[in-house]
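These are my notebook entries on a structure that is new to me. I record what I looked up, topic by topic.

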Amino acid sequence: RDLTDISLLECFIHLRYVDLSENKLQDLSPLSSLTHLLWLKVDRNLLTSACMQELPYLQIISFAHNRIKDMEGITHPRLASLSLEGNKIQTALGLSHGQLFSLKTLELRGNMLESTAGLSLPKLENLYLAQNAIRSLEGLEELGQLTTLHLRDNRLKTLDGFCSSMKCLQYLNLRNNGISNLQEVGKLQVLPVLQTLVLMDNPCCDEPNYRLEVLALLPHLQRLDKESVEQEERTEANEMYQKRQEEEKVRTARQGRRRK
């Protein structure tokens, strides 16, 4: 409706659900009176900041497709789902970890992030980081409850940064990055319950026997790319792995004899 002023809303202090999408808003300060607000959607406005007065019951916010450049001032204690998709955010370091202890879903796809530093949110379960410019994975050790991680369409060349404390991660999407060496995939062995891995459109997918090589490294996968893992594949990958282990033992033994 091309709204630029929402001061009238200050009178409606008991509102719980507010959708102000597709307007021309630059200021959300009148919403500070809505202390019963549970759900807020302000997609496709002209906002340059997500900073708001803390609202005690607010659980869901969507700021998608605005002009927001940072994540400062988001402090709602019961916030469970936050979308900042399609903004201009370059760093996640502004998140208030001590005040977002209820956050379970964070949507940041289509921004300008180059690193995951600052995403230390211990209750987070779903993290969407597709279509950024991420080159390095940092601070993931705090994400002990994370089950889903989307990193499609970024600039990752290595998979350093994953760690065993990510004990709940089941779904990992790495489609269309720059991973060229299958040895990088071996770094995902630290993820104890990883079930689904999407690697398609990476250079390493052109390697001979790509699926078998990945399954030899990650035998517990249930799904690789778009296809479920068949038992025959799993058996073949295991045989290939065992054969290599035997060959490595023989090679090590020969080297030991030569040294003597």
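**Entry 1: the core.** Which residues of the largest nonpolar core touch the most other members? I began here, noting that the model is a predicted one. The core has 73 residues, and F63, L106, F162, L188 and L197 touch the most other members. I then looked up which helices contribute: α1 and α2 each supply at least two residues of this core. The largest share, five residues, comes from α1. As background, I note that nonpolar side chains tend to be buried together in soluble globular proteins.

**Entry 2: around L197.** I listed the contacts of L197, leaving out residues up to four places away in sequence. Among them are L172, L174, V185 and L188, as well as V214, L218, L221 and L224. R223 and D225 are also touched by L197.

**Entry 3: the sheet.** I next followed the strands. They form an open sheet of 11 strands with mixed pairing, and the order runs β1-β2-β3-β4-β5-β6-β7-β8-β9-β10-β11. At the edges I found β1 (17-19) and β11, each of which pairs on one side only. In β4, S81 is the bridge partner of I60.

**Entry 4: helix α2.** Does the length of helix α2 agree or disagree with its number of residues? The helix covers residues 231-259, which is 29 residues. I recorded E233, A237 and M240 as buried in α2. Residues three or four places apart point the same way, because an α-helix has 3.6 residues a turn. The buried residues of α2 pack against α1 (210-217) and β11 (227-228).

**Entry 5: aromatic rings.** I searched the whole structure for aromatic pairs and found one. It is formed by Y17 and W39, with 6.4 Å centre to centre and 50° between the planes, and is tilted. Y17 lies in strand β1 and W39 in strand β2 (residues 39-41), so the pair ties together parts that are 22 residues apart in sequence. W39, at 27% relative accessibility, counts as partly exposed.

Notes:
Residues numbered from 1 in each chain as written. Predicted model: local features only at pLDDT ≥ 70, side-chain atom pairs only at ≥ 80, totals over all residues. Heavy atoms only, no water. Helix = DSSP H or I, 4+ residues; strand = E, 2+ residues; numbered from the N terminus. Expected span 1.5 Å × (residues − 1). Buried < 20%, exposed > 50% of the residue type's maximum accessible area, 1.4 Å probe, protein only. Contact = heavy atoms within 4.5 Å. Core = buried A, V, L, I, M, F, W, Y, C linked by side-chain atoms within 4.5 Å. Pairing = 2+ DSSP bridges. Phe/Tyr/Trp six-rings, centres within 6.5 Å; stacked < 30°, edge-to-face > 60°.
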